Amino acid sequence: MNGDALVWIVLFLSIGICDFVAVYLYKQKRFPLWFSAIGMALLVPVIVFSFVSVGVSYNNIVGL
């Protein structure tokens with residue numbers, strides 16, 4: 001599996017998890033959906049970027 005596939009897997013998993021949390025909180029009447037969408041728009045790129053930066057630094061240390 002190459003690095004691009006890992007980035008896509010992390011991206012889809014983080015979007016799926018954030019979406020599940022947003023729907024769960026909406027059904028519990030804690031957060032409106034628009035607020036959760038703004039949170040997802042800000043949080044998902046941070047998660048993916050941090051995962052990619054950890055992977056790149058690991059690759060530089062190991063030297064693959």
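S36 sits in helix α2, which covers residues 33-62. Helices here are DSSP runs of H or I with at least four residues, strands are runs of E with at least two, and both are numbered from the N terminus. The model is predicted: local features need pLDDT of at least 70, side-chain atom pairs count only at pLDDT 80 or more, and totals for chains, interfaces and linings use all residues. Numbering starts from 1 along each chain as its sequence is written, and side-chain values use heavy atoms, with hydrogens and water left out.

Stay with S36. Its relative accessible area is 10%, so S36 is buried. The cut-offs are under 20% relative accessible area for buried, over 50% for exposed, and partly exposed in between, with a 1.4 Å probe and protein chains only. Apart from neighbours within four places in sequence, S36 is in contact with A22 and F31. Contact means heavy atoms within 4.5 Å.

Now follow α2 along its length. The helix has 30 residues and spans 42 Å from first C-alpha to last, close to the 44 Å expected at 1.5 Å a residue. That expected span is 1.5 Å times one less than the number of residues. Buried residues in α2 include V44 and V48 as well as S36. After α2 comes G63, with a positive phi near 85°.

Setting aside residues up to four places away in sequence, V48 touches V7, V10, L11 and S14. V48 and G16 lie 32 residues apart in sequence, with their C-alpha atoms 13 Å apart in space.

Look back from the other side. S14 belongs to helix α1. At 7% relative accessibility, S14 is therefore buried. Beyond its neighbours within four places in sequence, S14 is in contact with V44, I47 and V48. The C-alpha atoms of S14 and P45 are separated by 9.1 Å, although the two residues are 31 apart along the chain.

What about the loop? K29 is placed between α1 and α2. K29 is not a glycine, yet its phi is positive, about 60°. With 76% relative accessibility, K29 counts as exposed.

Next comes the surface. L6, I9, L13, I17, F20, V21, Y24 and F51 form a nonpolar patch, with about 790 Å² of accessible area together. A patch takes residues with over 30% relative accessible area and no salt bridge; like charges are joined within 9 Å, and nonpolar side chains (Val, Leu, Ile, Met, Phe, Trp, Tyr) within 5 Å. A salt bridge is a side-chain nitrogen of Lys or Arg within 4 Å of a carboxyl oxygen of Asp or Glu. Areas come from the Shrake-Rupley method with a 1.4 Å probe, and for residues only the protein chains shown count as cover. Helix α1, residues 3-27, gives the most to this patch, with 7 residues.

Finally, the record. An unreviewed UniProt entry places the feature "transmembrane region" at residues 6-26 and 33-58. In the model, residues 6-26 are 100% helix and 0% strand, with end C-alpha atoms 30 Å apart. Residues 33-58 are likewise 100% helix and 0% strand, and their end C-alpha atoms lie 37 Å apart.

Terms used: UniProt positions renumbered as here; feature names shortened; annotations may be inferred.
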